[in-house]
Amino acid sequence: MKVEMKKDVIYRCIGSDFDNGIIACGFMTKPTASHSQYNFRINYYSCFLLLSGSGIYHTADNKKIPINPGAFVQRLPGVCHSTEIIPDGNWLEFFISFGHSTYDYLCSLGLLPVDTPVLNIPYDEITIQTFSRLLRKLKEANDGSLPHILLQAQEIVLSLSSSAEKTSFQDPRNKIMEEACHLLSSDVNQSRSLEEIADSLNISYENFRKQFLKYTGVSPNRYRIEQRMKHAKLMLLSGISIKETALLTGYSDTYSFTRQFTNTVGIPPGRYIKER
């Protein structure tokens, strides 16, 4: 059975000039290839952090940049680009948008890395909670409070962009393990066995297991479980039901999911939602 994840977004505007006054954010799903945006151009600043799924960012000069979970993608005012969605139904992003004048101000201070449209950043549960709070505040704010919410949105964007990872590809073994981490993070439905993933990396399973443990500090199976629970938490925080989350993370029934979630997180999913 195909389960669709629901988007949860809000668009507001300070004043009547949309391009300068927009303030928007939310969790956005793009499950099919039809959600790709080709030769896309906007007149305000927008960015998103990819939480699940994968795709390709096409620059104006036709360079292709893979985007995977943890990719922080900037959409600069007036700059043509394309975002191609890999249609596996897993795409989930959190986006933040604000006006052209705010973007100009931040650029004048040298605070935005405008020369790098795609960055890779570390994120965790606290990041997702920060997103959820911003979304809730923007929904509930009266018009007079919007400038204050705009400042909070700027702080989040600057915090994300300044935390960009500087990944080293000097050691080929690290590159293989980085690819392994990506495969295990993306395959939350467990459609491929660990042996199949090792085979796709052209190494034996035993060698894969040993190298992965050395590189990450946990076994491939444990890493995969942690990633599934990470995806589960962000789904729950973005309003997806426990039943839908269980199915989307590869569990055949809610009971199995709840047991794994409780063992990994320390509390059952229902309590996790209430306490957040």
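1. Helices α3 and α4 of this predicted model are roughly antiparallel to each other, because angles over 145 degrees count as such. The two helices, α3 at residues 125–140 and α4 at residues 146–162, pack at an angle of about 160°, with their axes 10 Å apart. The axes are lines fitted to C-alpha atoms over the stretch in contact, and angles run from 0 to 180 degrees between N-to-C directions. Helices are DSSP runs (H or I, at least four residues) and strands likewise (E, at least two), numbered from the N terminus.

2. The crossing of α3 and α4 is left-handed, a term that applies if the near helix is turned anticlockwise from the far one by less than a right angle. On the α3 side, the contact (heavy atoms within 4.5 Å) is made by Thr127, Thr130, Phe131, Leu134, Lys137 and Leu138, while α4 contributes Leu146, Ile149, Gln152, Ala153, Ile156 and Leu160. By class, this contact has 8 nonpolar, 3 polar and 1 charged residues.

3. The structure holds 6 salt bridges, each being a side-chain nitrogen of Lys or Arg within 4 Å of a carboxyl oxygen of Asp or Glu. One of them joins Glu93 to Lys30, with the closest N and O atoms 3.4 Å apart. This pair links distant parts of the chain, 63 residues apart, since Glu93 lies in strand β9 (residues 92–98) and Lys30 in the loop between β2 (22–29) and β3 (37–40). Both Glu93 and Lys30 are buried, that is, under 20% relative accessible area with a 1.4 Å probe and protein chains only.

4. A salt bridge also forms between the side chains of Lys233 and Glu125, at 3.0 Å from N to O. Here too the pair links distant parts of the chain, with Lys233 in helix α8 (residues 220–237) and Glu125 in helix α3, 108 residues apart. Lys233 is buried, its relative accessible area being 17%.

5. Within helix α7 (residues 205–216), Arg209 and Glu206 lie 3 residues apart, about one turn of the helix, and their side chains meet in a salt bridge at 2.7 Å, N to O.

6. Local features need pLDDT of at least 70 and side-chain atom pairs count only at pLDDT 80 or more, whereas totals for chains, interfaces and linings use all residues.

Technical notes
Residues numbered from 1 in each chain as written. Heavy atoms only, no water. Parallel < 35°, antiparallel > 145°, perpendicular 65-115°, else oblique. Nonpolar A, V, L, I, M, F, W, Y, C, P; charged D, E, K, R; others polar. Buried < 20%, exposed > 50% of the residue type's maximum accessible area, 1.4 Å probe, protein only.
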